[in-house]
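Morning, everyone. Have the sequence and the model open, please.

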Amino acid sequence: MSNTRLLFATLCSTCVFWVARPASAGPTIGADLDLGFPVHSEGDSGGGFGIRLGQQLQAKPIVLTPEIGFTYANFSGDYGPKIYRGILGARLGFGDVLRPGGFFHVGLGHFVPTIGDNKNAFSFDAGGFLDFVLIPLIDVGAHVAYNRVDADYGSGAYAYVTVGLHAALVF
């Protein structure tokens, strides 16, 4: 009799585990505040920001957010450029209250050096984040990313690392 109970309990547990969880989706509006550091590139550290619009798709514990956005970075120093980027990509996170994850974006960068001509070029970023989801409407967190704009600026593409804070409203 105990083998039958064990088999029944195992079968029920397996069914409960594999039953599809309800998925949800909602539009998001996000904002980032960044501190940037050039990587083997001209200029000194600088500040910037980003805005993102997306659609958060949630099948707990996985959260996928395809998004479109705009970023701006302004580096200090004699050779610190300004960089404007239009981006398209996604964020992928895991969890409900604490949500670690990663993101990747590609886009078009507009590179404005202090000396020389402005350039438009392919750009991308990749990084990680840790969000705190206090209530389902608001996500806040910190992030770090590697960014690159393929505008030739003496030594090739302009690369920089950003660290910052972000928040998102999820409707």
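**Fold and two loops**

First, the strand loop. His40 sits in the loop between strand E1, residues 24-38, and E2. Keep that residue in mind; we come back to it.

Now the overall layout. This is a predicted model. The protein chain has one helix and eight strands. In sequence order the pattern reads α-β-β-β-β-β-β-β-β. So much for the order of elements.

Next, packing. The protein chain has 171 residues, and 35% of them count as buried. Take the contacts between residues at least 6 apart in sequence: 55% of these join residues at least 24 apart. The accessible surface of the protein chain is about 9,700 Å². Carbon and sulfur atoms account for 71% of that surface.

Back to His40. Is His40 buried or exposed? Exposed, because its relative accessibility is 78%, and the cut-off for exposed is over 50%.

Second detail: a peptide bond. Which residues does the cis peptide bond join? Lys60 and Pro61, with omega at about 10 degrees. Where is Pro61? In the loop between strand E2, residues 46-59, and strand E3, residues 62-75.

To put the two side by side: His40 lies in the loop between E1 and E2, and Pro61 lies in the loop between E2 and E3. Over to you for questions.

Notes
Residues are numbered from 1 along each chain as its sequence is written. This is a predicted model: local features need pLDDT of at least 70, side-chain atom pairs count only at pLDDT 80 or more; totals for chains, interfaces and linings use all residues. Side-chain values use heavy atoms; hydrogens and water are left out. Helices (H or I, at least four residues) and strands (E, at least two) are DSSP runs, numbered from the N terminus. Buried means under 20% relative accessible area, exposed over 50%, partly exposed in between (1.4 Å probe, protein chains only). Contact means heavy atoms within 4.5 Å. Accessible areas come from the Shrake-Rupley method with a 1.4 Å probe; for residues, only the protein chains shown count as cover.
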